[in-house]
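Please read them with the coordinates open.

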Amino acid sequence: QQSGAQTGEPCLRIPPHVLLYMLEFLCYRHVDPMRAQAALDDLQVIVHHDHWVPVKFRDISWEILGICHEMAGNHQAALHSYRQSLGQLQTNQIHTATRQRIRDLH
């Protein structure tokens, strides 16, 4: 959100189903790893299938998927998701944060 605010985009627009799976992953990450993985798998399915995420929300959706992969320790999957985020229409103006995440993983 800070990255977007610096470029004049004060709020993030996140599709509700992407936010739901992200929150489910975060809630179960430490208490139920199998359920957390299921939420991550569901998140991955909806982000990878373009017809479920509108074009204007794909940048943030790929970013969120990358963050969840990174938290799960899947660094290669996280890098892939961050790179996919950079290739999308930058509706949320998060490309600066995305580039920093990629640098941090290297």
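This is a predicted model: local features need pLDDT of at least 70, side-chain atom pairs count only at pLDDT 80 or more; totals for chains, interfaces and linings use all residues.

1. Residues are numbered from 1 along each chain as its sequence is written, and side-chain values use heavy atoms, with hydrogens and water left out.

2. The largest nonpolar core has 18 residues, and those with the most contacts inside it are L43, I64 and C68. A nonpolar core here is a set of buried Ala, Val, Leu, Ile, Met, Phe, Trp, Tyr and Cys residues joined through side-chain atoms within 4.5 Å; buried means under 20% relative accessible area, exposed over 50% and partly exposed in between, with a 1.4 Å probe and protein chains only. At least two residues of this core come from each of α2 (16-28), α3 (33-48) and α4 (58-72), and α3 gives the most, with six residues. Helices are DSSP runs (H or I, at least four residues) numbered from the N terminus.

3. Leaving aside neighbours within four places in sequence, C68 is in contact (heavy atoms within 4.5 Å) with M22, F25, L40 and L43. A second, separate core of five residues includes A78, Y82, I102 and L105.

4. Helix α4 is mostly covered, eleven of its 15 residues being buried; among them are W62, I64, L65 and C68. The cover over these buried residues includes α2, α3, α5 (75-86) and α6 (95-105). The end C-alpha atoms of α4 are 21 Å apart, which agrees with the 21 Å that its 15 residues should span at 1.5 Å a residue, the expected span being 1.5 Å times one less than the number of residues. Just after α4, G73 takes a positive phi of about 90°.

5. On the surface, L19, L23, L26 and M71 form a nonpolar patch with about 290 Å² of accessible area together, computed by the Shrake-Rupley method with a 1.4 Å probe. Such a patch joins nonpolar side chains within 5 Å, from residues with over 30% relative accessible area and no salt bridge (a side-chain nitrogen of Lys or Arg within 4 Å of a carboxyl oxygen of Asp or Glu). Helix α2 supplies the largest share, three residues, and L26, which lies in α2, is partly exposed at 34% relative accessible area.

6. S85, in helix α5, counts as buried because its relative accessibility is 0%. Beyond its neighbours within four places in sequence, S85 is in contact with D59, W62, E63, Q90, I94 and T98.

Terms used: Patches are made of residues with over 30% relative accessible area and no salt bridge: like charges are joined within 9 Å, nonpolar side chains (Val, Leu, Ile, Met, Phe, Trp, Tyr) within 5 Å.
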